[in-house]
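Q: I would like to learn how to read a few local features from a set of coordinates. Can we work through them one at a time?

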Amino acid sequence: MEQLEGKGALVTGGASGIGLGIARVLVDAGMRVMIADLRTDHLQRALALFDSLGQGQRVLGRKLDVTDREAFAQTADEAFESLGGVQVLVSNAGVGIAGPLATATFDDWDFGLEVNLGGTVNALCTFLPRMIQQRRGAHIVITSSLSAITPSPRNAAIYATAKAALLAMGEAMRDELADHGIGVSVLLPGPFKTNIREAGRNRPARYRGHSGYEAEEERLATREDAADWSDPLEAGRRVLEAIRANQLYVITHGEYRGWAESKFEAILAAYPVPKDPERARAMGRKRPVKPT
Ligand SMILES: NC(=O)c1ccc[n+]([C@@H]2O[C@H](COP(=O)([O-])OP(=O)(O)OC[C@H]3O[C@@H](n4cnc5c(N)ncnc54)[C@H](O)[C@@H]3O)[C@@H](O)[C@H]2O)c1
């Protein structure tokens, strides 16, 4: 989608961190943007920032919990109405759920998967039919993580499960949505300076009380950003390029390429020698994923 000026975008989790970085770049590109976020403190700060940049008139803020399907439908109605259509959907809201598998409870799994995976399922079911109906061309961005490809070796099982599912979802959607003139990108960020440490604070009341992750979430809340973690605006710029070029994979940190290489080498080595070499050649010519 080359032409973005004057078009509408909805960014979930758009009031902080990477989502805010994406929203800022889309506004700079001339779009009208609705940021939908769980946290009113984040929304207030983000809207004040856009006001201070003289861009407040092109940004709307809505409180939304992406796990609430009714509220999502209302937000979609408002977004289509007030933005005059939604051509870019960025499903980005997420929580950095982390902790040892040995203490994980059903509540920890449900919290992590409901927000990190279910939030995007809800975004798709709510927005996609409306976006198709517009018949104007559109683009969907899903924020996954490099953990989808190579998870951290400890404490990442719930997070990586959701993020890997989002990567597979984006890959699987691509051809199907191309038939409707809708492009798909999956953002796979490495480390950024954001508020992702506040997973415990974003945990709803229904998932408190029977968690095995309380201690880990308290510890995480005090974690400092490392100096070399990136500025979320960089993620925003990469996403803008990807929307314009309809690029599937958006990878922000080349430093992690070696991890992917060792993983894919191991996967390739696990494939047995094909019993039918002619069929293997034919399958090799059919590329299931078209990344650009
Ligand atoms: N920060 C990183 O290094 C990093 C790396 C890889 C992937 N990511 C992913 O990037 C995305 C954005 O995270 P971030 O790092 O910017 O963190 P962040 O906490 O700064 O921003 C996330 C925003 O999502 C909102 N949110 C949380 N739960 C929500 C819900 N149920 N409904 C609606 N909004 C909700 C939060 O209020 C917050 O404003 C997440 O999907 C995260 O998994 C982040």
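This is a predicted model: local features need pLDDT of at least 70, side-chain atom pairs count only at pLDDT 80 or more; totals for chains, interfaces and linings use all residues.

Q: How far apart are the end C-alpha atoms of helix H3, and what span should its 15 residues give?
A: The expected span of a helix is 1.5 Å times one less than its number of residues. For H3, residues 69–83, that gives 21 Å, and the end C-alpha atoms are 21 Å apart, so the two agree.

Q: Which residues of H3 are buried?
A: A residue counts as buried if 20 or more other C-beta atoms lie within 10 Å of its own. In H3 this holds for Phe-72, Thr-75, Ala-76, Ala-79 and Leu-83. They cover an arc of only 105° around the axis, so they lie on the same side of H3.

Q: What do the buried residues of H3 pack against, and which exposed residues does the face turned away from them carry?
A: The packing partners of the buried residues are strand E1 (8–12), strand E2 (32–37), strand E3 (59–63) and helix H4 (106–134). The face turned away from the buried side carries the exposed residues Glu-70, Asp-77, Glu-81 and Ser-82. Just after H3, Gly-84 has a positive phi of about 75°.

Q: Which residues is Leu-167 in contact with, leaving aside neighbours within four places in sequence?
A: Those contacts are Ser-144, Ala-148 and Val-186. The C-alpha atom of Leu-167 is also 8.1 Å from that of Ile-142, 25 residues apart along the chain.

Q: Which residues come nearest to the ligand, and how does its shell divide?
A: Of the 31 residues around the ligand, Gly-13, Ser-16, Gly-17, Gly-94 and Thr-194 come nearest. The shell divides into 12 nonpolar, 15 polar and four charged residues. Helix H1 (residues 17–28) supplies the largest share, three residues.

Q: Where are Arg-135 and Asn-246, and what is the phi of each?
A: Most residues other than glycine have a negative phi. Arg-135, in the loop between H4 and strand E5 (138–143), has a positive phi of about 50°. Asn-246, in the loop between helix H7 (232–245) and strand E7 (249–251), has a positive phi near 45°.

Q: How many C-beta neighbours does each of these residues have?
A: Arg-135 has 9 inside 10 Å and therefore counts as exposed. Asn-246 has 18 within 10 Å, so Asn-246 is partly exposed.

Methods: Residues are numbered from 1 along each chain as its sequence is written. Helices (H or I, at least four residues) and strands (E, at least two) are DSSP runs, numbered from the N terminus. A residue is buried if 20 or more other C-beta atoms lie within 10 Å of its own, exposed if 12 or fewer, and partly exposed in between; C-beta atoms are placed from the backbone. The arc is that of the directions from the helix axis to the C-beta atoms. Two residues are in contact if their C-beta atoms, placed from the backbone, lie within 7 Å. A residue is near a molecule or strand if its C-beta atom, placed from the backbone, lies within 6 Å of it. Ala, Val, Leu, Ile, Met, Phe, Trp, Tyr, Cys and Pro count as nonpolar, Asp, Glu, Lys and Arg as charged, and the others, Gly among them, as polar.
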